[in-house]
Amino acid sequence: MGIFSSLCRGVGNTLIRILCGICFSSTTDDQDFDTSTSDHHGHAVSQPTNSVSALALDLFHFDNTCQVPEQLSEHVTSSKKAQARWYQKLLKAWKDAKPPTKTPEQASRLVMQALHQHQKADVEGLLKFYGLPVLHEHQIEIPAVVVFPPDEVKFKLQTVRVDAKAVDGDGLTVYVDAADHREALSVPSHVLEAVLERSRARASKDYPKADALHKTIIDAGYRMLKGSNNVDILARKYRIRLRGIDAPENRQPFGKEAKEELTCLVQGKCLNVHVYGEDQYGRLVGDVYCNGKFAREIMLKKGLAWHYAAYDKRPELIEWARKARAAGVGLWASSDPKEPWEWRKNNSRSGKLEKLN
């Protein structure tokens with residue numbers, strides 16, 4: 001009970017986020033609202049003064065009542081039943097958005113991505129209803145559609161922004177917010193206590209103690225990172241291995257190019273990772289998506305990785321690798337490209353160490 005009573009005394013905003021397990025959080029500050037008696041649809045609630053807040057309120061209302069805004073039908077032609085399906089998709093996209101949706105452009109992009117299969121006139125009508133900008137097609141990245149057996153995917157991760165230093169040719173280190181619903185209940189108690197004590201140490205400017213406590217947190221597989229609004233968040237560390245490909249090692253031809261390509265794709269971005277399992281080195285093996293782009297598709301099409309058919313026989317991967325080889329792009333421009341797994345056999349100790357670092 002000690003840690004909970006401490007929380008009640010107002011210390012540890014990070015812990016409150018974790019322990020409460022918030023699944024639908026506000027993306028606007030208090031100053032985004034005034035105190036008028038009706039909202040943009042005439043409801044007797046506080047009035048949001050920007051379009052993002054208006055959409056957030058309606059999604060929150062839909063989540064609780066399954067009702068769509070009454071006046072939306074004046075701007076779109078589809079039925080209320082169809083509109084309810086839109087809001088189901090929008091609600092899921094809003095909850096899944098990392099980082100949270102805050103600007104009108106981000107909200108427009110979220111709407112247009114979530115509803116890209118629906119009539120263009122209806123989507124634009126919904127955007128105009130909320131006063132959101134209608135973005136041009138080149139400003140929207142439609143998620144790639146890759147078919148995979150759903151029973152093979154064990155779980156999914158949504159990461160915080162990725163550091164460029166955490167990338168190698170076919171893998172990377174990522175962090176997941178410990179307040180995420182999947183993570184919140186599994187944070188060890190000694191980590192929560194260290195977070196609380198570190199917060200107190202920093203408040204009293206005892207920085208050596210704060211650094212020592214952060215080391216305790218890091219040793220447990222977590223780290224304190226800067227989240228939105230420059231607020232510290234607790235995040236859990238995961239090492240990810242891209243499934244079904246093997247990139248050249250750093251000392252092989254095109255090894256550095258492979259690392260640079262993956263770095264360019266993911267650095268500073270929040271990723272979606274579909275996890276299939278764990279390899280012998282304790283890394284999670286999975287698919288990585290970044291802003292709708294499928295990382296392995298890019299690596300294979302640019303000839304910066306070999307298809308590891310023994311671990312993934314999806315026809316899409318086979319075809320991407322075949323076309324890159326036929327076109328002689330990337331590593332296939334070499335007269336005698338060497339498979340990374342064979343290269344590691346001939347450079348056993350250094351190769352293994354390189355693969356793990």
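This is a predicted model: local features need pLDDT of at least 70, side-chain atom pairs count only at pLDDT 80 or more; totals for chains, interfaces and linings use all residues.
I took buried to mean under 20% relative accessible area, exposed over 50%, and partly exposed in between (1.4 Å probe, protein chains only). Residues are numbered from 1 along each chain as its sequence is written, and side-chain values use heavy atoms, with hydrogens and water left out.

**Helix α5.** I took helices (H or I, at least four residues) and strands (E, at least two) as DSSP runs, numbered from the N terminus. In α5 (residues 104-114) I found A107, S108, L110, V111 and M112 buried. These buried residues pack against α3 (51-65), α4 (80-96) and α6 (120-129), with contact meaning heavy atoms within 4.5 Å.

**Aromatic pairs.** I paired rings of Phe, Tyr and Trp (its six-membered ring) with centres within 6.5 Å, calling planes under 30 degrees apart stacked, over 60 edge-to-face and the rest tilted. This rule gave eight aromatic pairs. Y289 and F294 are stacked, at 5.0 Å centre to centre and 20° between the planes. Y289 counts as buried at 10% relative accessibility, and F294 is buried at 1%. F294 also pairs with W320; their centres are 6.0 Å apart and their planes at 65°, so I recorded the pair as edge-to-face. It links distant parts of the chain, with F294 in strand β9 (residues 293-294) and W320 in helix α12 (residues 315-327), 26 residues apart.

**Charges over rings.** I required NZ of Lys or CZ of Arg within 6 Å of the ring centre and within 35 degrees of the ring normal. R182 lies over the face of F155, at 3.6 Å from the ring centre.
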